[in-house]
Amino acid sequence: MAILQLRLSKVMDGDILVEELEKRDIMNLDFNEMVTFIENMDEKSFRAKQLYEWIHKKLVNSFDNMTNIPKELRVKLNKDCIIGGTNIIEVQKSADGTRKYLIQLFDGNTVESVLMKYKHGNSVCISTQVGCRMGCKFCASTVGGLNRNLEPSEMLSQIYNIQRVTGERVSNVILMGIGEPLDNYNNVIKFIKMLSDKNGVNISQRNITLSTCGLVEKLIELVNEHLGITIAVSLHAPDDKLRKSIMPIANKYSIQDIIQACRYYIEKTGRRITFEYSLIEGINDSSECATKLARLLNGLNCHVNLIPLNPVKGRMGSRSDGSNIQRFKSILEKKNITVTIRREMGSDIDAACGQLRNKNKGGKLYESVCKD
Ligand code: SAH
């Protein structure tokens, strides 16, 4: 478990003494780990359930507010632990109601999360890494590469912070923000299990979608986790040559390897897979591409989600026009493939697919403008 380094300044006889304090982020503990943690403190194990519920159900981020926890235990916890350690420091509102949150982590790094309001409930798109090393040529999140992985607590608190500031429940979570979720495998799996734990915020796995550029070994490993989540695979091209020209990861995994892993996933889990296909004008949006894609996916229990490209300054590509998108869609449909076109949300605040960036503040902490 990560230990959070906090620097405290104390004024003693006029000298400033900087003390290194080590506090553990208790929000990274899943339910069983919380029980062990509490038992190791010689406390009754029912305290673990109370503590877990305060943090993950009631979303309280201060030990002082945990009214049924005895004072002495609260003092001990305050001394040794923190809860989360992330803050919303900026909010941008889109004309369509979408909100983009800039989240500051304990080390000064920042990531972004997006809240989208639908009739069927609130969806939050979260980041899984600070930056990304996949290098997709049309995506903003990969500029500057990967800085570090996010911990389960840092992913959970993106959702908890948003629930706290809006006072509204989040019912859907999509792992489509900054980062490649399967490149941060263990933390992401633990996060999904904690997010759907009935002792906590209890978001159904059916309402969680993980998007990946297709890390084949990890896709196969995922089968053994027995999760009920939806997997979305970013394909974006029907053949390896074209895919390599827009997604460097295609040099490592061929489309055939990805399709084979998806077939295995579908067989073992009985779940349908979504393929994402961002349409880039003149690159991957021809009728020939659509026909090839239909052939590739023939007979597979899948669904295609077409994403009109959100152009990113300094990155490759422009958006296919509306009639091209419709033509592409109908070619797939004629081959009996179910297709949806992703509704654009928050593009006026750069919150749409591929527009999120990690803004490194150089480790400098700065004032929160939106504390909850
Ligand atoms: N790393 C994950 C999540 C990426 S974001 C993945 O690769 O799947 C979610 C989707 O948006 C992916 O399909 C991604 O390829 C796509 N995307 C990235 N940049 C985009 C852009 N500028 N316009 C449209 N879609 C984009």
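**View 1. Buried residues of helix α4 in a predicted model.** In α4, the buried residues are P152, S153, E154, M155, L156, S157, Q158, I159, Y160, N161, I162 and Q163. Buried means under 20% relative accessible area, exposed over 50%, and partly exposed in between, with a 1.4 Å probe and protein chains only. That makes 12 of 15 residues, and α4 is mostly covered. The helix runs over residues 152–166 and reaches 22 Å from its first C-alpha to its last. Helices (H or I, at least four residues) and strands (E, at least two) are DSSP runs, numbered from the N terminus. Just after α4, G167 takes a positive phi of about 70°.

The model is predicted: local features need pLDDT of at least 70, side-chain atom pairs count only at pLDDT 80 or more, and totals for chains, interfaces and linings use all residues. Residues are numbered from 1 along each chain as its sequence is written, and side-chain values use heavy atoms, with hydrogens and water left out.

View 2. The ligand is surrounded by 18 residues. Near means that a heavy atom of the residue lies within 4 Å. The closest are S211, S234, H236, S278 and N310. Strands β11 (208–212) and β13 (273–279) each supply at least two shell residues. By type, the shell holds 8 nonpolar, 8 polar and 2 charged residues. Here Ala, Val, Leu, Ile, Met, Phe, Trp, Tyr, Cys and Pro count as nonpolar, Asp, Glu, Lys and Arg as charged, and the others, Gly among them, as polar.

**View 3. Ligand atoms facing the backbone.** A ligand nitrogen is 2.8 Å from a polar backbone atom of N310. Another pair puts a ligand nitrogen 3.0 Å from a polar backbone atom of F138. A ligand oxygen is 3.4 Å from a polar backbone atom of C213. Taken alone, the ligand exposes 530 Å², and the protein buries 97% of that. Areas come from the Shrake-Rupley method with a 1.4 Å probe.

**View 4. L77 in helix α3.** L77 is found in α3 (residues 71–80). Its relative accessible area is 0%, so L77 is buried. Leaving aside neighbours within four places in sequence, L77 is in contact (heavy atoms within 4.5 Å) with I26, F37, M41, L51 and F63. K23 is 54 residues apart from L77 along the chain, and their C-alpha atoms are separated by 9.5 Å.

Methods:
Expected span 1.5 Å × (residues − 1). Polar contact = N/O pair within 3.5 Å; in protein donor to acceptor, adjacent residues only side chain to side chain.
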